[in-house]
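Please look at the sequence and the structure first.

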Amino acid sequence: MPRSSDLTEEAALRRRFTSEALQNPYNAAILERLPLLGLPDAWLVAGCLFQTAWNLDSGFAPTAHIKDYDLFFFDASDMSEAAEQQVQARVTALFADLPITVEAKNQARVHLWYEQWFGYPYEALQSASQGIERFLVPCTCVGLQPAARAAVPNLYAPYGLQELYRGILRPNPQCPHLPLFKAKAQSYRERWTWLDIQEMVNQ
């Protein structure tokens with residue numbers, strides 16, 4: 001059972017992370033407009049969130065070094081590429097005034113293309129949050145979702161936030177594709193040099 005001090009620290013980190021993510025004005029704008037798309041199980045995920053936190057820790061501008069902004073949604077009613085492209089067109093139009101790239105991916109269909117694209121099999125997902133759990137680096141498994149009746153968005157961080165703030169990059173046992181992990185981790189460390197790459201997979 002976790003100690004109360006550990007739970008207190010994690011709660012503080014969750015508040016810190018959410019606050020820092022929203023210091024990136026593009027994250028704030030995306031979360032504000034996301035409900036307008038009406039997408040099922042929709043989340044703002046990954047790089048635009050944890051990289052904002054790393055930027056602030058490094059003394060960079062909140063938006064520095066962020067290549068794109070990723071949306072996950074889950075719609076098993078139509079897993080066609082055409083349907084996903086239609087969603088992407090709506091996303092592009094909604095955020096056309098922002099000087100960023102916003103990409104939307106239906107997590108219901110990732111298993112249909114992942115192996116061909118990355119060379120590894122990928123089990124079908126049952127929710128967008130399961131997609132968040134499968135990122136190559138556990139500390140990067142984060143997502144924010146607008147809350148229906150609250151000013152603060154919902155945070156999903158299945159592996160906690162301690163390793164994110166300590167800069168620990170290790171392979172995710174849920175997706176142990178080491179060559180992909182190494183390339184991703186090295187890309188991160190080129191931008192945030194204080195990150196610590198640990199290549200052992202914890203079983």
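Rings of Phe, Tyr and Trp, the last taken by its six-membered ring, are treated as a pair if their centres lie within 6.5 Å. In this predicted model, ring pairs link Phe50, Trp54, Tyr188, Trp192 and Trp194 into a cluster, and a search of the whole structure finds 12 aromatic pairs.

**A pair between two strands**
- The ring centres of Trp43 and Tyr156 are 6.2 Å apart and the ring planes meet at 55°, so this pair counts as tilted.
- Because Trp43 belongs to strand S1 (residues 43-45) and Tyr156 to strand S5 (residues 154-156), the pair ties together parts that are 113 residues apart in sequence.
- Trp43 is buried, at a relative accessible area of 8%, whereas Tyr156, at 23% relative accessibility, is partly exposed.

**A pair within the cluster**
- Trp54 and Trp194 make an edge-to-face pair, with 6.5 Å from centre to centre and 80° between the planes.
- Since Trp54 lies in helix H3 (residues 47-58) and Trp194 in the loop between helix H8 (178-191) and strand S7 (196-197), this pair ties together parts that are 140 residues apart in sequence.
- Trp54 is buried, with a relative accessible area of 0%, while Trp194 is partly exposed at 34% relative accessibility.

**Charges over rings**
- The charged end of Lys105 sits over the ring of Trp113, at 5.8 Å from the ring centre.
- Over the ring of Tyr122 sits the charged end of Arg134, 4.9 Å from the centre of that ring.

Definitions and conventions: Residues are numbered from 1 along each chain as its sequence is written. This is a predicted model: local features need pLDDT of at least 70, side-chain atom pairs count only at pLDDT 80 or more; totals for chains, interfaces and linings use all residues. Side-chain values use heavy atoms; hydrogens and water are left out. Rings of Phe, Tyr and Trp (its six-membered ring) pair if their centres lie within 6.5 Å; planes under 30 degrees apart count as stacked, over 60 as edge-to-face and the rest as tilted. Helices (H or I, at least four residues) and strands (E, at least two) are DSSP runs, numbered from the N terminus. Buried means under 20% relative accessible area, exposed over 50%, partly exposed in between (1.4 Å probe, protein chains only). A charge sits over a ring if NZ of Lys or CZ of Arg is within 6 Å of the ring centre and within 35 degrees of the ring normal.
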